[in-house]
Amino acid sequence: MLTEEQKRGLEWLYDGYSFNEQYALRFGKDEWSDKMEALRSAVSILGYEFEPDCRAKKDGIEYTEYNLVKIN
């Protein structure tokens with residue numbers, strides 16, 4: 001089981017990947033989706049998954065923010 005601090009850290013990381021994915025798509029690059037998939041796989045082993053929470057905008061880039069939730 002993850003602590004709240006660990007969960008927030010993983011959410012921060014995944015949200016950063018989401019932002020970078022949208023930024024990179026402007027230049028025709030798609031390396032961030034592989035990193036997101038790897039992190040999704042890792043947290044699923046721990047019994048969690050990322051669920052979309054809301055859309056956010058930073059530095060003119062619109063991206064999805066996620067919550068890490070326990071799989072039932």
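Buried here means under 20% relative accessible area and exposed over 50%, with partly exposed in between, using a 1.4 Å probe and protein chains only. The model is predicted, so local features need pLDDT of at least 70 and side-chain atom pairs count only at pLDDT 80 or more, whereas totals for chains, interfaces and linings use all residues. Residues are numbered from 1 along each chain as its sequence is written, and side-chain values use heavy atoms, with hydrogens and water left out.

Start by selecting Glu11, which counts as buried because its relative accessibility is 8%. Its side chain meets that of Arg8 in a salt bridge, at 2.7 Å from N to O; the term stands for a side-chain nitrogen of Lys or Arg within 4 Å of a carboxyl oxygen of Asp or Glu. Arg8, at 40% relative accessibility, counts as partly exposed.

Next, select Phe50, whose contacts (heavy atoms within 4.5 Å) include Leu10, Glu11, Tyr14 and Leu39, not counting residues up to four places away in sequence. Phe50 is also one of the residues that touch the most other members of the largest nonpolar core, which has 13 residues; such a core is a set of buried Ala, Val, Leu, Ile, Met, Phe, Trp, Tyr and Cys residues joined through side-chain atoms within 4.5 Å.

Glu21 touches Asp30, Trp32, Ser33 and Met36, leaving aside residues up to four places away in sequence.

From there, select Arg40 itself, which forms a salt bridge with Glu37, the closest N and O atoms being 2.6 Å apart. Both lie in helix α2, 3 residues apart, about one turn of the helix. Arg40 counts as partly exposed at 31% relative accessibility, and Glu37 counts as partly exposed at 40%.

Finish with Arg55 and Glu62, which form a salt bridge whose closest N and O atoms are 3.3 Å apart. Elsewhere, salt bridges that share partners join Glu4, Lys7, Arg8 and Glu11 into one network.

Methods. Helices (H or I, at least four residues) and strands (E, at least two) are DSSP runs, numbered from the N terminus.
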